[in-house]
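Subject: Structure for your review

Hello,

The structure we discussed is below. Please look it over first; my notes on what was found in it follow.

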Amino acid sequence: MKTVKYLIAGILLSLPGLAQDAAKVVYVPAKQMDVALHKLPLNNIGESEINLIERTPEHAAILLRRTLPGQAEVHEQQADAWYVIDGGCVFVTGGTVVNGAPSGPGEIRGASIAGGDEHLIAKGDFISVPAGVPHWVKKIEGKEIVYIVVKYSK
């Protein structure tokens, strides 16, 4: 019985140390991130991305590089918060998605947006799009836009 007590005490005393080991700090210098992002192949909408944290249905943080405009989209359950690192684009919010169709659970994509407000966003700018609001990168200003988007459930 004494051995079991010592075993339980040893396990309980080691738990704080295990918890600290499980929570890893991740640091990646800016230059390394930039090189990695520019080495990745671009997809069909001229985009490459790096997940900065574990991507779940509730949240994501993504570093993106985009060279072409994309489709209009609506995330029914997630808000987007963008911070532009470099470059810029014409970003449309609101209005109505043209030829919108479901592209996945809680996601609608379409060709463009009718109506809406155009924002010229550039390096250092921040924009937040609430869940359910259509948004669209209409035009890339210059050769690309590099930005971080944080997605979170409402």
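Helices (H or I, at least four residues) and strands (E, at least two) are DSSP runs, numbered from the N terminus. Read in sequence order, the chain has the pattern α-α-β-β-β-β-β-β-β-β-β-β-β, that is, two helices and 11 strands.

This is a predicted model: local features need pLDDT of at least 70, side-chain atom pairs count only at pLDDT 80 or more, and totals for chains, interfaces and linings use all residues. Residues are numbered from 1 along each chain as its sequence is written, and side-chain values use heavy atoms, with hydrogens and water left out.

Burial. Buried means under 20% relative accessible area, exposed over 50%, and partly exposed in between (1.4 Å probe, protein chains only). Of the 154 residues in the chain, 32% are buried.

Aromatic pairs. Rings of Phe, Tyr and Trp (its six-membered ring) pair if their centres lie within 6.5 Å; planes under 30 degrees apart count as stacked, over 60 as edge-to-face and the rest as tilted. Searching the whole structure gives two such pairs. In one, the ring centres of W82 and F91 are 4.5 Å apart with planes at 50 degrees, so the pair is tilted. In the other, W82 and Y147 are stacked, at 3.9 Å centre to centre and 5 degrees between the planes. W82 belongs to strand β4 and Y147 to strand β11 (residues 135-153), so this pair ties together parts 65 residues apart in sequence. W82 is buried at 4% relative accessible area, and Y147 is buried at 2%. F91 is buried as well. The ring pairs join W82, F91 and Y147 into a cluster.

Largest pocket. A pocket is an open set of points on a 1 Å grid over the protein atoms alone, where a 1.4 Å probe fits, with protein on both sides within 12 Å along at least five of seven lines; lining residues have an atom within 4 Å of a point. Grid points are joined across faces, edges and corners, and the volume is the space filled by probe spheres set on the points. The largest pocket holds about 450 Å³. Its lining has 26 residues, with R55, E73, H75, R109 and K151 nearest the centre. Elements giving two or more residues to this lining are β1 (47-51), β2 (59-66), β3 (72-75), β4, β7 (107-110) and β11. Strand β11 gives the most, six residues.

Regards
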